[in-house]
4 protein chains.
Amino acid sequence: MAKRKAAILGSSGMIGQRFTHMLDAHPYFEVVAYCASDRSNGKKLADVWKLSDVEMNPRIRKETIRATNPAALEKQGVEIVFSGLPSDVAGPVEDECAEHGMAVFSNAASHRMEHDTPILIPEINPDHLASVEVQKKRRKNGGFIITNANCSVTGLALGLKPLVDEFGFREINVATYQALSGAGYPGVASLDILGNVLPWIKDEEEKMTAEGRKILGSYKNGRFVDSPVNIQACCARVNVRDGHLEAVFIRDKNMPDAKSIARTLADFRAKPQKLKLPSAPDRPIIVRKEQNRPQPLLDANAGTPDRAKGMALTVGRIRVDKDCLKFYLLSHNTIRGGAGGSVLNAELAYKEGLI
Amino acid sequence: MAKRKAAILGSSGMIGQRFTHMLDAHPYFEVVAYCASDRSNGKKLADVWKLSDVEMNPRIRKETIRATNPAALEKQGVEIVFSGLPSDVAGPVEDECAEHGMAVFSNAASHRMEHDTPILIPEINPDHLASVEVQKKRRKNGGFIITNANCSVTGLALGLKPLVDEFGFREINVATYQALSGAGYPGVASLDILGNVLPWIKDEEEKMTAEGRKILGSYKNGRFVDSPVNIQACCARVNVRDGHLEAVFIRDKNMPDAKSIARTLADFRAKPQKLKLPSAPDRPIIVRKEQNRPQPLLDANAGTPDRAKGMALTVGRIRVDKDCLKFYLLSHNTIRGGAGGSVLNAELAYKEGLI
Amino acid sequence: MAKRKAAILGSSGMIGQRFTHMLDAHPYFEVVAYCASDRSNGKKLADVWKLSDVEMNPRIRKETIRATNPAALEKQGVEIVFSGLPSDVAGPVEDECAEHGMAVFSNAASHRMEHDTPILIPEINPDHLASVEVQKKRRKNGGFIITNANCSVTGLALGLKPLVDEFGFREINVATYQALSGAGYPGVASLDILGNVLPWIKDEEEKMTAEGRKILGSYKNGRFVDSPVNIQACCARVNVRDGHLEAVFIRDKNMPDAKSIARTLADFRAKPQKLKLPSAPDRPIIVRKEQNRPQPLLDANAGTPDRAKGMALTVGRIRVDKDCLKFYLLSHNTIRGGAGGSVLNAELAYKEGLI
Amino acid sequence: MAKRKAAILGSSGMIGQRFTHMLDAHPYFEVVAYCASDRSNGKKLADVWKLSDVEMNPRIRKETIRATNPAALEKQGVEIVFSGLPSDVAGPVEDECAEHGMAVFSNAASHRMEHDTPILIPEINPDHLASVEVQKKRRKNGGFIITNANCSVTGLALGLKPLVDEFGFREINVATYQALSGAGYPGVASLDILGNVLPWIKDEEEKMTAEGRKILGSYKNGRFVDSPVNIQACCARVNVRDGHLEAVFIRDKNMPDAKSIARTLADFRAKPQKLKLPSAPDRPIIVRKEQNRPQPLLDANAGTPDRAKGMALTVGRIRVDKDCLKFYLLSHNTIRGGAGGSVLNAELAYKEGLI
């Protein structure tokens with residue numbers, strides 16, 4: 001069966017480049033257009049490449065970036081759009097793509113909180129896909145937008161999912177140690193972060209609370225119902241390239257022991273694993289027993305098989321003391337928490353016949 | 001009145017050098033002996049200097065380090081010992097000094113949890129000094145040991161003190177972003193921390209819980225009574241030179257608003273301020289209103305007057321949401337949380353006539 | 001005698017803030033206007049402060065930045081302008097100030113290579129001041145511009161001066177390890193420099209060659225005559241806050257021994273020392289004998305007295321092997337190689353009666 | 001044909017781990033023993049793994065480290081020993097292995113300057129292999145030692161080889177920006193290098209001069225004859241994980257233009273390429289035209305095919321001005337300049353029938 005034609009928006013940025021890398025030789029999708037702002041129009045992908053950890057396929061090096069033009073994409077037969085646009089410009093462009101009938105898989109915050117647009121994490125809320133049917137009715141030509149979550153809530157929600165389901169936890173405190181790539185490029189000034197920690201990331205804590213509730217909530221009778229989970233976050237930037245580390249605290253009167261927690265996390269499997277989606281990690285949550293893991297440097301790229309590198313969550317240092325569960329978790333912010341999240345969303349939509 | 005003769009133990013290490021710097025031209029104490037292990041015997045202080053942020057007084061550069069010998073110190077007339085020894089060797093050496101009749105102000109963990117030895121923070125528990133009278137009876141020659149707290153619990157306890165007193169908070173979660181200097185020298189290998197975070201510091205989380213309870217507790221009828229405060233910590237090392245940053249979460253059914261919290265913290269004054277101890281900061285807790293503070297790079301040295309640089313706690317980003325209070329705090333781990341803590345303890349003991 | 005009224009241009013940038021710090025309580029000059037681009041108009045200095053190593057005088061914190069307006073400055077009685085403007089905008093603004101009769105001391109490259117404008121380093125070429133008389137004739141109202149050198153050539157030229165004078169060296173190779181602050185703020189992206197070295201700095205190598213020749217050359221019969229010194233440079237950026245380190249190689253058939261080189265450097269004194277200019281270091285070149293110095297972290301702020309901190313050059317590891325002299329040198333790029341250079345230039349001009 | 005049995009010495013260190021990685025599934029050699037000091041005896045390779053950039057083969061994770069015992073290795077049928085021992089212990093252990101009849105491929109400095117032991121770089125001096133015949137006579141049982149060069153001279157010598165052959169250059173100045181992994185583990189203390197450069201590496205500059213002369217020299221009539229090339233080096237450590245960057249200056253009266261230099265470097269092929277040795281890069285020297293390359297972060301792993309990653313030298317910014325040629329070069333210090341160098345040496349020896 002022929003692959004579906006896809007385009008990447010924001011292909012000159014960090015997320016866009018992760019899309020480019022992950023969609024190279026993808027079994028379902030074929031990228032036929034690399035789009036970015038007018039400023040990059042005509043440049044080669046090689047000229048704007050920012051990722052230091054992956055080698056560019058020589059064929060991709062020569063691909064030409066062009067200005068974003070939804071109408072032209074439609075004419076070219078593009079059915080699927082992966083958007084790595086920054087949130088301040090993503091809104092109208094993604095809308096325009098959807099109005100042209102395309103399925104938009106977006107990494108931007110612009111549409112996340114809309115009433116008929118899911119924040120999809122296939123291991124957590126595949127049933128939220130149903131909201132898209134409502135959305136399609138509102139839009140012309142049958143297009144729609146599916147968003148992935150903020151990079152710091154993605155890993156947290158994935159780690160919380162089996163625990164909330166099994167033990168009913170409600171009160172979550174989380175402090176983050178977030179990587180530089182989360183701020184895009186050029187992002188954080190080196191003078192600000194050298195030998196320093198920045199204890200504030202614009203809108204991040206609010207997103208963790210609001211998006212977490214929607215992601216972990218349900219979709220019933222045509223509307224999203226928030227989860228009662230109360231996430232309270234302190235978000236900081238550290239001098240790390242990739243991988244958001246998070247210290248999680250959960251208080252509960254009936255706290256199970258650490259071993260039960262670890263088993264529940266390690267045993268977790270969900271729809272992407274059952275469907276064997278190409279970018280789904282065999283084990284979505286890897287539990288490490290070493291006392292000094294997870295570490296961004298060592299664990300950001302966790303995940304097997306190869307196509308799922310950076311898609312697994314790593315959890316470590318699970319401890320329970322006086323009704324308080326504590327652990328560290330780590331996920332790759334521009335793969336699982338960025339481009340990879342949207343790729344997995346598109347794979348799910350494809351398998352479910354939505355695209 | 002003549003200054004009291006003092007010695008520094010561990011003077012070749014990071015804490016020892018902070019002692020050297022802070023005791024230079026001190027109004028109460030005069031350092032007459034710089035001691036370290038046999039390995040450093042005969043070296044000049046300038047040869048082992050590790051602090052990059054303070055200039056050595058030229059006179060001090062030439063001071064000779066000698067092997068640690070408590071009997072010789074007593075003979076020399078030393079009354080006060082400041083110990084920057086690593087915890088694995090501090091125990092017996094500090095005991096020996098105390099048995100020779102000296103007052104030991106220690107930064108090491110060895111004696112902190114003993115039943116007649118205080119973990120003294122003058123702003124919090126000056127009444128714990130009374131335990132020393134019990135200790136003196138147990139020891140020969142009237143010597144004793146007074147410890148300061150672990151570097152990461154020091155700042156936290158100082159921030160909690162006015163809040164616990166005023167609002168009765170009990171359940172504290174804290175995630176730390178700790179500086180390299182907390183691990184001493186050579187400490188953390190550069191290959192381990194470059195572009196990385198290490199989510200584990202040996203014994204640190206346990207110390208925060210146990211010491212926090214003792215520090216914030218009371219001393220009644222000749223014994224320490226633990227505070228009911230339950231501190232649960234996740235401790236991580238980040239690539240920062242000085243200054244432990246901490247994300248604090250407090251849940252309480254009757255949470256006051258953020259403004260009341262800020263005022264309570266900013267208005268806090270205690271015995272060291274009343275006594276005008278030389279190393280006491282005018283304002284022990286500085287509340288910052290900027291949304292991106294405190295930062296280790298900018299706030300580690302907070303504190304006025306000059307002699308109190310690095311002795312003030314900085315608190316910022318005070319927020320209250322759904323019964324949950326969140327803020328960041330920062331204190332200098334080798335000044336307030338290290339040498340400076342012991343210097344302030346000695347100043348209190350001096351003013352109280354204990355030495 | 002009343003202090004001369006001065007203004008700072010570019011006062012929201014790294015160099016501008018060094019000017020602000022160095023001119024605080026200056027014996028000759030009083031800053032009456034802090035100027036920057038329209039974007040910063042109305043902000044307080046505290047709101048834009050970027051320097052992490054110096055504390056702001058509380059009075060200065062509250063100073064208001066205003067848009068740059070040469071005519072208004074003249075009206076206000078400003079006689080002296082310190083320019084920390086970026087080179088891409090400095091040219092016409094500095095010209096306009098000079099045309100309004102003010103003496104401009106500039107850190108920008110715009111005017112450095114003009115035939116009647118000196119690149120002044122008071123220890124090296126105080127006689128180049130004479131060129132200003134020519135310049136004044138060309139301009140209206142008796143204003144003029146005096147530039148300081150590029151930050152990486154400043155330290156090198158200072159180190160070469162006594163050697164070239166004494167031994168006639170000609171062929172110089174230099175590789176630099178340049179600090180982040182040299183690129184201004186926001187400057188280098190953290191993602192580019194974390195765990196990396198950038199082996200290229202725009203125009204830097206060319207400036208080292210061309211400016212070096214002019215600085216070390218003479219001013220005769222109303223024109224600049226280039227020095228025959230041939231500086232060949234490789235310039236790289238490293239992840240360091242302040243202080244340009246440089247590896248210098250000099251080949252010469254009659255190479256003296258290392259001891260003679262060290263003595264010649266250490267003994268060097270020049271006009272600023274004789275005139276006791278306030279920002280002149282007692283010893284312009286500090287020769288270190290330790291085998292692992294100079295280091296940016298430890299030596300960038302070298303210089304006594306206090307007002308001359310960051311104004312001294314540090315040289316170390318002087319070695320001679322097979323006609324090849326090698327050493328490392330270090331100077332503070334935004335003090336001696338930036339604002340401090342211009343302040344010293346203004347002090348010389350003041351003492352010489354030019355302003 | 002059966003693979004030759006090999007052992008790795010120093011398998012718990014950085015170089016030893018590179019050996020482990022590079023020899024995994026090697027076509028000629030099969031590692032049957034992972035040796036290290038008594039301290040590591042019995043540990044699993046996974047427990048001591050330090051490399052953050054390569055994933056351990058799960059089978060290798062479980063390999064047990066054992067104490068180094070040359071007699072036992074011989075008994076086990078080991079013919080080839082790869083030594084990643086630190087220089088302070090390598091000497092006698094490597095000798096003992098050779099005396100037991102094994103071929104030792106060593107990364108240590110201990111034997112490099114011996115009169116019958118080559119410092120082999122197969123692209124440069126494959127004829128130096130002849131010296132081994134002399135060495136074998138001196139030793140019992142036909143064993144011998146072949147060394148690879150110091151990590152910083154390896155890349156330089158490779159870059160100089162075609163230029164010296166073609167243009168007869170003699171006077172070389174080189175300043176290095178060396179990576180942390182060159183100092184082994186734990187190596188450089190984080191407090192020393194954070195935001196800093198260390199302008200001294202013990203013995204490094206002397207090695208560059210002496211080894212460079214031997215490597216680029218000839219082997220005639222049973223003895224090594226030094227090359228007249230005069231390398232003068234300034235060696236510094238920067239906060240980079242892997243990859244030594246070097247700024248090279250060559251002065252010559254008959255300097256060709258930059259284009260000729262670039263072509264000579266890019267066209268260079270040598271014996272390893274002709275023999276298609278498994279770890280030989282197709283192109284030993286990659287010339288980059290971008291103005292900001294090579295960079296450690298982007299170019300340390302240069303080399304194709306996959307088995308040759310980190311084995312290619314990258315050269316960039318080739319410029320000629322006034323008889324002075326300047327360029328930057330970069331090579332991976334623990335692959336080409338470490339384990340990979342020895343693996344390539346063993347491959348050459350194998351193909352030449354020496355083992």
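Setting aside residues up to four places away in sequence, A:L160 is in contact with A:I172, A:L216 and A:V229. The model is predicted. A:L160 belongs to helix α7 of chain A, which covers residues 151-167. The residue has 25 C-beta neighbours inside 10 Å and therefore counts as buried; the threshold for this class is 20 or more. A:E352 lies 192 residues from A:L160 in sequence, and the C-alpha atoms of A:L160 and A:E352 are 25 Å apart in space.

At one end of the order, β12(A) runs parallel to β13 (residues 313-321) of chain A, and 4 bridges join the two strands. One of the residues involved is A:I285, whose bridge partner in β13(A) is A:L313.

For chain A as a whole, the secondary structure amounts to 13 helices and 14 strands. Along the principal axes, the C-alpha atoms of chain A fill a box of roughly 60 × 50 × 35 Å. Buried residues make up 59% of the 355 residues of chain A. When contacts in chain A between residues at least 6 apart in sequence are considered, 75% of them join residues at least 24 apart.

Chain A also meets chain B. The contact involves 34 residues of chain A and 34 residues of chain B. On the side of chain A that touches chain B, at least two residues each come from β7, β10, β11, α12 (296-299), β13 and β14 of chain A. This side of chain A contains 18 nonpolar, 9 polar and 7 charged residues.

Within chain B, strand β2 (residues 29-36) has 6 of its 8 residues buried, so the strand is largely enclosed by the rest of the structure. Strand β1 (residues 4-9) of chain B pairs with β2(B) in the parallel sense over 5 bridges. In this pairing, B:A6 has B:V31 of β2(B) as its bridge partner. Together with helix α1 (residues 14-22) of chain B, β1(B) and β2(B) make a right-handed β-α-β unit. Strand β2(B) also pairs in the parallel sense with β3 (residues 65-67) of chain B, over 3 bridges. Here, the bridge partner of B:C35 in β3(B) is B:R66.

A contact is also found between chains D and C, with 34 residues from chain D and 34 residues from chain C. In chain D, β7 (171-178), β10 (230-237), β11 (244-251), α12 (296-299), β13 (313-321) and β14 (324-331) each supply at least two residues of the side that touches chain C. By class, this side of chain D comprises 18 nonpolar, 9 polar and 7 charged residues.

Strand β7(D) has 8 of its 8 residues buried, so it is largely enclosed by the rest of the structure. In a regular strand, side chains alternate between the two faces of the sheet. In β7(D), D:E171, D:N173, D:A175 and D:Y177 point one way, while D:I172, D:V174, D:T176 and D:Q178 point the other way, and all are buried. Strand β7(D) runs parallel to β10(D), to which 8 bridges join it, and pairs with β11(D) in the antiparallel sense over 7 bridges. D:I172 takes part in both pairings: the residue stands opposite D:I231 in β10(D) and opposite D:I250 in β11(D).

Note on methods: Residues numbered from 1 in each chain as written. Chains lettered and ligands numbered in written order. Predicted model: local features only at pLDDT ≥ 70, side-chain atom pairs only at ≥ 80, totals over all residues. Buried ≥ 20, exposed ≤ 12 C-beta atoms within 10 Å, placed from the backbone. Contact = placed C-beta atoms within 7 Å. Pairing = 2+ DSSP bridges. Nonpolar A, V, L, I, M, F, W, Y, C, P; charged D, E, K, R; others polar. Right-handed = clockwise from strand over helix to strand, strands pointing away.
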